[in-house]
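Please look over the protein shown here, and then work through some questions about its fold, its pocket and a few of its residues.

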Amino acid sequence: MLNSFKYAINGIRDALKSEPNLSVHLLFGVVALIFAYFFKFTKLESIVLILTITLVITLELVNTIIEKLVDMYSKKISEEARVIKDISASVVFISSIMAVIVGAFLFIPKLFP
């Protein structure tokens, strides 16, 4: 079981090294959690925020997996590979937009009561 955790940590470390966007998502997530602490979010608000951050980070990791698989399978640049990678990236993009909207719903009432 400890090896499973080790492999998971290694995966996160590898993803952070190869995907700068993951670092950005993590940074924004940590900043959002710090602000939530200072704004004294309720348990429900905190749960919504944590789930939203986790969704974006998880989808970024899935996007990284898809991109690595496409690169491994398709050594040449092809239109099919480009489309797969672009669609995979769009999933992260859509979840990031949703996270901004959720963040607005959570933080704007705290900033302007």
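The questions and answers below concern a predicted model, and they go from the overall fold to single residues.

Q: What radius of gyration does the protein have, against that of a compact globule of 113 residues?
A: The C-alpha atoms fill a box of roughly 55 × 40 × 20 Å when it is taken along the principal axes. A compact globule of 113 residues would have a radius of gyration near 13 Å, whereas the protein has 17 Å.

Q: What percentage of the residues of the protein count as buried?
A: The accessible surface comes to about 8,400 Å², and carbon and sulfur atoms hold 76% of that area. A residue counts as buried when its relative accessible area is under 20%. By that cut-off, the buried share of the 113 residues is 26%.

Q: What share of the contacts with a separation of 6 or more is made by residues 24 or more positions apart?
A: Contact here means heavy atoms within 4.5 Å. Among the contacts in the protein with a separation of 6 or more, the share from residues 24 or more positions apart is 70%.

Q: Which helix gives the most to the lining of the largest pocket?
A: The largest pocket has a volume of about 390 Å³, and its lining consists of 18 residues, with Phe-28, Gly-29, Ala-32, Ala-99 and Val-100 nearest the centre. At least two lining residues come from each of α2 (20-38), α3 (43-73) and α4 (79-111). The helix that gives the most, with 7 residues, is α4.

Q: How many charged residues does the lining of the largest pocket have?
A: Sorted by class, the lining has 13 nonpolar residues and 5 polar residues, Gly being counted among the polar ones. The number of charged residues in that lining is none.

Q: Is Thr-64 buried or exposed?
A: Thr-64 is found in helix α3, and once neighbours within four places in sequence are left aside, this residue is in contact with Ser-18 and Glu-19. Because its relative accessibility is 6%, Thr-64 counts as buried.

Q: How far apart in space are Ile-101 and Leu-27, C-alpha to C-alpha?
A: Ile-101 lies in helix α4 and, because its relative accessibility is 46%, counts as partly exposed. Ile-101 and Leu-27 are 74 residues apart in sequence, and their C-alpha distance in space is 18 Å.

Q: How far apart in space are Arg-13 and Ile-97, C-alpha to C-alpha?
A: Arg-13 lies in helix α1, which covers residues 2-18, and it is partly exposed, with a relative accessible area of 43%. Arg-13 and Ile-97 are 84 residues apart in sequence, and the C-alpha atoms of the two are separated in space by 25 Å.

Technical notes
Residues are numbered from 1 along each chain as its sequence is written. This is a predicted model: local features need pLDDT of at least 70, side-chain atom pairs count only at pLDDT 80 or more; totals for chains, interfaces and linings use all residues. Side-chain values use heavy atoms; hydrogens and water are left out. On a 1 Å grid over the protein atoms alone, a cavity is a set of points where a 1.4 Å probe fits but cannot get out, and a pocket is an open set with protein on both sides within 12 Å along at least five of seven lines; lining residues have an atom within 4 Å of a point. Grid points are joined across faces, edges and corners, and a volume is the space filled by probe spheres set on the points. Helices (H or I, at least four residues) and strands (E, at least two) are DSSP runs, numbered from the N terminus. The radius of gyration is taken over C-alpha atoms; the globule rule is 2.2 Å times the number of residues to the power 0.38. Buried means under 20% relative accessible area, exposed over 50%, partly exposed in between (1.4 Å probe, protein chains only). Accessible areas come from the Shrake-Rupley method with a 1.4 Å probe; for residues, only the protein chains shown count as cover.
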